[in-house]
Amino acid sequence: MSKYIFVTGGVVSSLGKGIAAAAIGALLETRGLKVTIQKLDPYINVDPGTLSPFQHGEVFVTDDGAETDLDLGHYERFTSIRTTQVNNYTTGKIYYNVITKERRGDYLGETVQVVPHITDEIIRAIKSVSNDYDVVIVEIGGTIGDIESLPFLEAIRQFRYDVGRENVLYVHLTLVPYIKSSGELKTKPTQHSVKEFREIGIQPDILLCRTDRLLPPEVKKKIAIHCNLDGDAVIAARDVETIYEVPIELHNEGLDYIIGKKLNLNFQDLDLTLWEDIVRKVKEPKNEVTITIVGKYTGLKDSYKSLIEALTHGGIANDARVNLQWIDSEEIEIHGPERHLSEADGILVPGGFGYRGIEGKVEAIRYAREKKIPYFGICLGMQCAVIEFARHVCGLSANSTEFDLHTQTPVIYLMEKWYDFRKKKVEVRSESSQKGGTMRLGAYPCVLKEGTHAFRAYGIKEISERHRHRYEFNNAYREVLTRYGMRISGASPDGELVEIMEIEDHPWFLGCQFHPEFKSKPTNPHPLFRAFIGASVREKRSLFPYLEISAKEKSKGV
């Protein structure tokens, strides 16, 4: 039977429950256990697909096409699991299921209530991911005290009675702030958070205490006494330089040992060598590059969470520190590209939706193409690269129908009929379709052309990558674009859907219709990010051969 670990948060939001859950998963996998992780979110949206990136951050897409919370990206990056739609449930999704059953008559005339119908549906959702896993980790979104979280907390309280107390563990993440004026660590916020948790009917088994410094033994003892915990169950979750240190830090605090003891798990010997090597490459790399990201959600970095991590992974693969320079594309529209891009060793335009800032992205891409700076375009970044090439190399007044529905040269458009290789059927869509209905979501196959940057990066002929977009490359312009030097290096098996484009006369210029960042891990950097950062390192060296000094030596002032 599976064991269950519930991860909750108190005091303030954004303490890092997702990282904590993912790090616990990483430690348990290293101990030889089969693990999965689920996120239960309290907001009423059915999924985050239509939420603004400024409000909710990135939408993470799974292989089966589910639009999910960004924490699922952490789960996949830290562990070997591949998440699906059952790994993320929201209040909206739970209520939608219950109301659908009520309309269908499943409840046989019962009065449908939060308890037991909503809580039972939450329990069913938790059990839906169990399968043959040794441990199921469930993160509860929100903060203790939020009214939206109460049904989820009631459900996990009941859950212990359903599966047995010996099979459930509650891990609560809190904050222990340091008050500079008095020179003290304050435990009262943690005490109040646990008090509120206990009033709901749940006694935490383990406390993870976020802090910017080590917790002295006397502070841990004080927390344990006031929160009714064993002394070794108070764990310091100290701030670290890179999130990939978190599994190491939590192990040093004894977290995996305590979990194993409390849940009676059979552990293998621990080997954190791989994580230690990753941390070394992040903190003490031999090379250094600056990558400029030209986007329009630069005010909130969580909008590009997977992208940021994938660039870090590309740096790990090349033993390089990746310094990120964020530029709002509208600034390029005002001031031009030279002012913002002259220091870039590589330029990246990520995905997005809508017309705002598009012309700035096009100008940034033109700058990268003409100055021979390595360029990586993802989703919208590929589409803008096609528009730029069509305009400034082919001489066409090109655009996308997303930005100009009546453009005379729609090199990017809404393809109304195509064969869906994932669903194994012909898909039909139009401008009048629902927003979600016009999206190509999830993993699709792509066949690579030999002798291209893409093929050299992957080293295999056929790949599968995750998508989240509406508009496609217009094959009516394929012949003219390729005649002028654009290379189609990846396409669907039937050749209809263009997936990757490159420019022949350029050191490294690649745009892909999919989102490769969703499949990158620190333990297995994505091939395209590995290749992009590698190209940026090479081009920097060729331009500045005297910069062979390592980043480590540079930081020491050598």
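Helices here are DSSP runs of at least four residues and strands are runs of at least two, both numbered from the N terminus. The structure is a predicted model.

**View 1. Cys 379, in the loop between strand E15 and helix H16.**
Strand E15 covers 375–378 and helix H16 covers 380–392, with Cys 379 in the loop between the two. Cys 379 isn't a glycine, yet its phi is positive, at about 60°. Is this residue buried or exposed? Cys 379 counts as buried because its relative accessibility is 4%, and the cut-off for buried is under 20%.

**View 2. Leu 108, in the loop between helix H4 and H5.**
Here's another residue other than glycine with a positive phi: Leu 108, near 50°. Helix H4 spans 91–104, and the loop holding Leu 108 lies between that helix and H5. Leu 108 has 78% relative accessibility, so it counts as exposed.

**View 3. The cis peptide bond from Val 115 to Pro 116.**
Look at the bond leading from Val 115 into Pro 116: it is cis, and its omega is near 20°. Pro 116 belongs to helix H5, which takes in residues 114–127.

**View 4. Gly 32 and Phe 267.**
Gly 32 sits in the loop that lies between helix H1 (17–30) and strand E2 (35–41). How far apart are Gly 32 and Phe 267 in space? Their C-alpha atoms are 6.4 Å apart, although 235 residues separate the pair in sequence. With 39% relative accessibility, Gly 32 counts as partly exposed.

**View 5. An open sheet of three strands.**
The strand order is E16-E17-E22, and the pairing is mixed. E16 (398–400) and E22 (472–473) are the edge strands; each has a single partner strand, so one side of each has no neighbour in the sheet. Strands of a sheet pair through backbone hydrogen bonds, in either a parallel or an antiparallel way. E17 (residues 409–413) runs antiparallel to E22, and the two are paired over two bridges. Zoom in on Ile 412 and you'll find its bridge partner in E22, Phe 473.

**View 6. Stepping back to the whole protein.**
The protein has 20 helices and 25 strands. Its radius of gyration is 25 Å, which agrees with the value near 24 Å that a compact globule of 558 residues would have. Of those 558 residues, 57% count as buried. Among contacts with a separation of 6 or more, 72% join residues 24 or more positions apart. As for charge, there are 71 positive and 78 negative side chains, and the centres of the two sets lie 2 Å apart.

Methods:
Residues are numbered from 1 along each chain as its sequence is written. This is a predicted model: local features need pLDDT of at least 70, side-chain atom pairs count only at pLDDT 80 or more; totals for chains, interfaces and linings use all residues. Side-chain values use heavy atoms; hydrogens and water are left out. The radius of gyration is taken over C-alpha atoms; the globule rule is 2.2 Å times the number of residues to the power 0.38. Buried means under 20% relative accessible area, exposed over 50%, partly exposed in between (1.4 Å probe, protein chains only). Contact means heavy atoms within 4.5 Å. Lys and Arg count as positive and Asp and Glu as negative; His and the chain ends are not counted. The place of a charge is taken as NZ of Lys, CZ of Arg, CG of Asp or CD of Glu. Two strands pair if DSSP finds at least two bridges between them.
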